[in-house]
Every structure is written in C-alpha cells, then in structure tokens.
Amino acid sequence: MLRNVRFRRMEVESEWGRRIRKRYVVFTILSDKNLSKRDVESVITRVFKDFYGSDLLVKADPQLVYYEPRLMRGVIRVNGLYKDQLISVLGFIRDVNGVKCLFIPVKTTGTIRKARRIMERLEKD
C-alpha cells in the first residue's frame, strides 16, 4: 500500500521534485459564425494530436473548462509544463468544420478564478 501511494505521488511531480501545476489559458475566437463548445473542444484536441502526437496529448491533458458561445471566449486547462505547446496549437487553428476562424490566446493564469475575472474584464471592453 505504501508503495502505491509513493508511485502516485511521483506521477504528479516533475523531474525537479515539484508538483506539476495546471495552467488556465484564456482565449478568444474571431469568426463570422458562432461555434459550439463541442466543435471548439474537438478541433483543439485534433490539432494538438496532429502536431505533438497522442503521447504528449495525454501528458498535457488540455480541457475546455469554460466556453461562452455568444462571446466566443473560453478557458482551457492544461498541464503547466505544456502551456507553450497549447498556445502554439491555438495559433495554428484556422478552420473549424468549414468555418474560417482565428484563435487568439489572451492570457495564461494559475487559477480558474483569475481566468474568469479576465473574461469578465474582456466583456466590459
């Protein structure tokens, strides 16, 4: 039992012995048509897998935590070690199911609360 606990602890620590933290990337989409949450989630996963492979996709674990279809803004949670890869993937997305679009990463934060505050501030602008 003790060995199992130690193994689990090693999974959540980086090679330097620190805990791997999640990061939240706030993004906005420029497009003529509104996109659904399912479409956005699938295109991010597909493009990430195409560029970096399924191994890195599993390690990075990008998840669309929050998405507002009306404003076309959202928050993606990702493993902190792979946030730069996620940001580069967002820059390569130009088409979602035949709809031309542009994903713009706005800010990266450490908490979902701060990410939501940033989105609220963007709504006012």
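Predicted model: local features only at pLDDT ≥ 70, side-chain atom pairs only at ≥ 80, totals over all residues.
## Overall architecture

The protein chain contains four helices and five strands. Read from the N terminus, these elements follow the order α-β-α-β-β-α-β-β-α.

Of the 125 residues in the chain, 32% are buried.

## The nonpolar cores

The largest nonpolar core consists of 26 residues, and Phe27, Ile29, Leu35, Val40, Ile44, Ile93 and Phe103 have the most contacts inside it. Two or more residues come from each of S1, helix H2 (37–60), strand S2 (63–68), strand S3 (73–79), helix H3 (83–92) and strand S5 (99–109). The greatest contribution is that of H2, which gives eight residues. Another core, of six residues, lies apart from this one and includes Tyr24, Val26, Ala115 and Ile118.

Beyond its neighbours within four places in sequence, its contacts include Val40, Leu64, Val75, Leu90 and Phe103.

## Helix H2 and its kink

How far apart are the end C-alpha atoms of H2, a helix of 24 residues? They are only 20 Å apart, whereas a straight helix would reach 34 Å at 1.5 Å a residue. H2 also has a kink of about 120 degrees, centred on glycine 53. Just after the helix, aspartate 61 adopts a positive phi of about 50 degrees.

The buried residues of H2 are Val40, Val43, Ile44, Val47, Phe48, Leu56, Leu57 and Ala60. An α-helix has 3.6 residues a turn, so residues three or four places apart point the same way. The buried residues of H2 pack against S1, S2, S3, H3, strand S4 (95–96) and S5.

## Serine 31 in strand S1

Serine 31 belongs to strand S1, which spans residues 22–31. Which residues does serine 31 contact, leaving aside its neighbours within four places in sequence? They are Met72, Val99, Lys100 and Cys101.

The backbone oxygen of lysine 100 lies 3.3 Å from a polar atom of the side chain of serine 31.

Key. Residues numbered from 1 in each chain as written. Heavy atoms only, no water. Buried < 20%, exposed > 50% of the residue type's maximum accessible area, 1.4 Å probe, protein only. Polar contact = N/O pair within 3.5 Å; in protein donor to acceptor, adjacent residues only side chain to side chain. Contact = heavy atoms within 4.5 Å. Core = buried A, V, L, I, M, F, W, Y, C linked by side-chain atoms within 4.5 Å. Expected span 1.5 Å × (residues − 1). Bend = angle between axes of the 7 residues up to and from the residue.
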